[in-house]
Amino acid sequence: MITPSDVATMTDTQKTEHIRKTVLSAGQELRQRHPWLRHQNVIGATIMIVSVLGMIGSGWLYVADLIPWWLCVPVTAIFASFIHELEHDLIHLMYFKNRPWINNLMLAVGWVARASTINPFVRRKLHLHHHKFSGTESDLEERGITNGERWGLRRFLMTGDNMLAVVMRPFEMIRANRAYIRSQKPKDRAEVRRLSLVQLTSYLPIGNLYYLAFHTWVVANTVLIGAELLGQPIALSAPLADALAVLNVAAVVYMLPSLLRTFCLHFISSNMHYYGDVEARNVMQQCQVLNPWWLMPMQLFCFNFGSTHAIHHFAVREPFYIRQWTAPTAHKVMRDMGVRFNDFGTFRRANRFFEAVRS
């Protein structure tokens, strides 16, 4: 039994190890009580199949005029959030580790289901790097979703749109890319060019097509609605009207769910991770538990990410559904060891762990 006085003398490394052992022990006990949880590959494949079918079914119900758009969008986004958590676990080889072709196939299917995201095969390396150097200059994954930026209209717009997150701060992203590439210790200039090319093309082809369609839809409808409000309606030709009708359907069944899920996930993730003044590899400084009641609507579209993702930083190989199940035990030991809970000051500190950001 560890007492508060014991905790006061423990190093961050010792605290991290104690949390890790406690969380893994809770997972082992859970699997002993529920032996079916040991069939991890089957569970992962089932989640993928059900989620993809759920997205397709929700879209079909909307197209068939059986449910309204305002129901289709959140339902589809929830199914997509399951796939995102599954992709994260696949990146850590939690499913089909010994059958890499199935693991890769599931990653590819997940990317098609959520085209607003970076290529998962590129993300794998970025994410594993994130675990080692979370919150530091080379943590390109978190920098890409606005972690470390001051809060305001610019960050709000970038949070749900990965392309805007690059276009609206090109110099910051260039510096982040360079820091990441330096961290990989390339052996020569050819390797630097190869790493640079990988990052430049990390949304090709699916992501770029998605954002082209999405921004076309936004601009087209903004222009048409604006013209209507000004009393100068624009009459579209038949081909353009048909194309816009297709985009309108695609927006409801695919693009708006992606926007909703992405915004909620990036808002939660970028504010629960710390940036800028943390020690590399110090898990105690990497993130907090962010689970106030008023964030529950957002948590709904990212599988309670704010409450459970910090657990993953301590016990990396536990699947997302196990983390959710063992969260009460994990939260208790994390709180006892001094992990932060609901540190709302992160919003005004631009996610710094210790100090306020200088003007």
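1. First, a term: a pocket here is an open set of points on a 1 Å grid over the protein atoms alone, with protein on both sides within 12 Å along at least five of seven lines, and its lining residues have an atom within 4 Å of a point. Volumes are the space filled by probe spheres set on the points, with grid points joined across faces, edges and corners. This is a predicted model, where local features need pLDDT of at least 70 and side-chain atom pairs count only at pLDDT 80 or more, while totals for chains, interfaces and linings use all residues. Residues are numbered from 1 along each chain as its sequence is written, and side-chain values use heavy atoms, leaving out hydrogens and water.

2. On to the largest pocket, which holds about 790 Å³ of space. Its lining takes in 41 residues, with Ile118, Leu126, Leu140, Gly144 and Tyr203 lying nearest the centre. Among the elements that give two or more residues to this lining are H4 (69-91), H6 (120-133), H10 (170-183), H13 and H15 (305-314); helices here are DSSP runs (H or I, at least four residues), numbered from the N terminus. By class, the lining divides into 15 nonpolar, 19 polar and 7 charged residues. For the classes, Ala, Val, Leu, Ile, Met, Phe, Trp, Tyr, Cys and Pro count as nonpolar, Asp, Glu, Lys and Arg as charged, and the others, Gly among them, as polar.

3. The second largest pocket has about 230 Å³ of space. Met1, Ile2, Thr3, Pro4, Val7, His18, Thr22, Thr329, Lys332, Val333, Asp336 and Met337 line it. Helices H1 (4-9), H2 (12-33) and H17 (327-337) are the elements that each give two or more residues to this lining, and H17 gives the most, with 5 residues. You'll find 6 nonpolar, 4 polar and 2 charged residues in the lining.

4. Searching the whole structure turns up 1 cavity of 30 Å³ or more, and the largest cavity holds about 30 Å³. Lining the largest cavity are Ser116, Gly160, Tyr210, Tyr211, Phe214, Ser258, Leu259 and Thr262. Here H12 (206-229) and H13 (238-272) are the elements that give two or more residues. The lining of the largest cavity splits into 4 nonpolar, 4 polar and no charged residues.

5. Now helix packing, starting with H3 (40-63) and H5 (100-113), which pack at about 25 degrees with their axes 11 Å apart. Axes are lines fitted to C-alpha atoms, for helices over the stretch in contact, and angles run from 0 to 180 degrees between N-to-C directions. Angles under 35 degrees count as roughly parallel, over 145 as roughly antiparallel, 65 to 115 as roughly perpendicular and the rest as oblique, and H3 and H5 are therefore roughly parallel to each other. H3 passes H5 in a left-handed crossing (left-handed if the near helix is turned anticlockwise from the far one by less than a right angle, right-handed if clockwise). Contact means heavy atoms within 4.5 Å, and on that basis Gly44, Ala45, Met48, Val52 and Met55 in H3 meet Met106, Val109, Gly110 and Ala113 in H5. That contact has 7 nonpolar, 2 polar and no charged residues.

6. Which residues does H4 bring to its contact with H5? The axes of H4 and H5 come within 10 Å and cross at roughly 150 degrees, and this crossing is left-handed. On the H4 side the contact is made by Ile83, Leu86, Glu87, Leu90 and Ile91, facing Asn103, Met106, Leu107, Gly110 and Ala113 of H5. These residues divide into 7 nonpolar, 2 polar and 1 charged.

7. H3 also packs against H13, at an angle of about 145 degrees and with the axes 9 Å apart. The crossing of H3 and H13 is right-handed. Gly59, Tyr62 and Val63 in H3 meet Val249, Val252 and Val253 in H13, giving 5 nonpolar, 1 polar and no charged residues.

8. Last, two backbone spots to look at. Most residues other than glycine have a negative phi, and most peptide bonds are trans. The peptide bond from leucine 204 to proline 205 is cis, with omega near -10 degrees, and proline 205 is in the loop between H11 and H12. Lysine 185 has a positive phi, near 50 degrees, and sits in the loop between H10 and H11.

Technical notes
On a 1 Å grid over the protein atoms alone, a cavity is a set of points where a 1.4 Å probe fits but cannot get out, and a pocket is an open set with protein on both sides within 12 Å along at least five of seven lines; lining residues have an atom within 4 Å of a point.
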